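Student: I have a model open and would like to go through how it is packed. Could you take me through it piece by piece?

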Amino acid sequence: MGPASAGRRAAQLHRPPEGGPTWAALLTRLLTIAATALSAGAIAADMGAVTRVPLPRIEAGAGERCVEATAYMRRNHMEVLKHHRDETVRDGIRTTQHSLANCITCHAGRKTGRVTGSDGFCSSCHSYAGVALDCFECHADRPAPAMAATKP
Amino acid sequence: MSVDLDRRKFLWDSAALAGIALAPGITLYDLAQGRAPEIPAPKGVRWGLLVDMNRCEPGCDACVTACDSENGLPGGKRPTDAQWIRKIELKDVRGRVRSLPMMCQHCAHPPCVDVCPTGASFKRADGIVLVDRHTCIGCRYCMMACPYGARSFVHEPVTDQKPEVPRGKGCVESCTLCVHRIDRDRIPACVEACATAGHKALLFGDLSDPQSEISQRIAAVATTQVRADLRLDPGVRYAGL
């Protein structure tokens with residue numbers, strides 16, 4: 001038997017049965033089905049909030065709305081606060097609209113009276129996002145007893 | 001007639017223009033007597049204190065306790081406890097005891113500001129010397145530089161701060177002249193407490209306004225700046241030292 005006949009036999013061995021799919025094609029189809037099922041499961045989990053990571057609990061603040069649009073505040077609250085803090089510390093400008101104290105007055109938890117802690121407005125979101133929250137190393141995390149919030 | 005009307009209009013317009021031109025300067029100058037929250041601390045003002053040692057009672061620490069409760073300080077006596085104001089008793093050779101409060105002297109040329117490597121130690125436009133805790137790295141150069149030993153370092157974590165007075169571990173701090181009260185047109189807590197205790201040994205006011213009570217008292221009686229030889233021009237003056 002020469003090398004040519006050996007090659008022919010190998011080709012016969014690997015030839016699929018008549019009309020059926022190749023192994024590779026089968027495998028691909030299986031994988032696709034599995035992936036679809038998995039992603040569907042993930043979406044379902046998202047909808048039902050059944051994840052391994054605890055989602056932030058955002059309690060609605062006091063008053064009708066925030067001092068700025070909610071979407072803007074979600075993205076830019078740190079810049080707003082930083083700008084205001086420099087004005088207050090360096091220049092003595094004590095407007096309340098963008099002050100941290102004003103944030104805390106509205107957003108302190110109804111039960112705890114604080115913005116920190118596992119359900120705190122600031123802490124829960126910061127721990128979900130994995131962003132250090134240094135404000136309350138120095139600042140009080142609860143409103144002043146007689147502090148009235150500034151409406152927008 | 002029309003000429004008269006024009007002239008009248010011209011006069012009114014000029015008066016209005018003059019008003020606009022003068023208003024900013026006048027407003028800033030008058031701010032010593034209360035200002036709106038959106039207006040920065042004015043440049044024309046220099047806040048200061050006058051301590052009348054003839055009225056300061058030895059053994060009384062009303063100013064110290066008032067400072068502690070106003071600013072949320074521990075009020076402890078350990079060397080590591082923050083202390084923004086303290087009472088010092090002076091005894092002369094014949095045993096006569098006199099006392100005085102010692103705190104940040106709010107110098108016009110503060111050495112703490114000179115040495116600060118980050119710019120955290122600064123002098124506000126109205127002469128109050130402060131620490132910006134957001135920039136303070138806790139190196140304590142300013143504590144070394146201050147000839148009055150007025151500054152403290154926070155060694156331990158702080159909880160339950162006063163909302164108006166944020167303070168925390170790792171920063172240097174000192175008397176702020178109750179800046180949060182001054183910005184709302186109130187006098188410092190120590191001055192208020194001294195008056196409540198009936199001594200009235202502390203007088204707070206604008207040193208650069210010749211009409212203010214503090215300036216007139218300084219013009220009338222002999223006052224001393226502690227370590228005047230250093231030429232730092234402290235904003236706290238002592239009468240009867």
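**Packing around a helix**

Tutor: Bear in mind that this is a predicted model.

Student: Ok, and which residues in H6(B) are buried?

Tutor: The buried residues in H6(B) are B:Ala189, B:Cys190, B:Val191, B:Ala193 and B:Cys194. Just after H6(B) comes B:Gly198, which takes a positive phi of about 90°.

Student: Which residues of the largest nonpolar core touch the most other members?

Tutor: That core has 50 residues, and the ones touching the most other members are B:Val51, B:Cys63, B:Cys67, B:Ile85, B:Cys190, B:Cys194 and B:Leu202. Among the chain B elements that each supply at least two residues of this core are strand E1 (47–52), helix H2 (62–71), helix H6 (189–196) and strand E8 (202–206).

Student: What is B:Cys67 in contact with, leaving aside its neighbours within four places in sequence?

Tutor: With those neighbours set aside, B:Cys67 is in contact with B:Leu73, B:Trp84, B:Ile85, B:Ala189 and B:Cys190. There is also a second, separate core of 9 residues, and this one includes A:Ile104, A:Cys122, A:Cys135 and A:Phe136.

Student: How do E9(B) and E10(B) pair?

Tutor: They pair in the antiparallel sense, over 2 bridges, and B:Thr223 has B:Ala239 in E10(B) as its bridge partner.

Student: Last topic, the contact between the chains: how many residues does each one put in?

Tutor: Chain A contributes 16 residues and chain B contributes 18 residues. On the side of chain A that touches chain B, helix H3 (70–91) and helix H6 (135–138) of chain A are the elements giving two or more residues, and H3(A) gives the most, with 4 residues.

Student: And how do the residues on that side of chain A divide into nonpolar, polar and charged?

Tutor: On the side of chain A that touches chain B, the division is 8 nonpolar, 3 polar and 5 charged.

How values were computed. Residues numbered from 1 in each chain as written. Chains lettered and ligands numbered in written order. Predicted model: local features only at pLDDT ≥ 70, side-chain atom pairs only at ≥ 80, totals over all residues. Core = buried A, V, L, I, M, F, W, Y, C linked by C-beta atoms within 7 Å. Buried ≥ 20, exposed ≤ 12 C-beta atoms within 10 Å, placed from the backbone. Contact = placed C-beta atoms within 7 Å. Nonpolar A, V, L, I, M, F, W, Y, C, P; charged D, E, K, R; others polar. Pairing = 2+ DSSP bridges.
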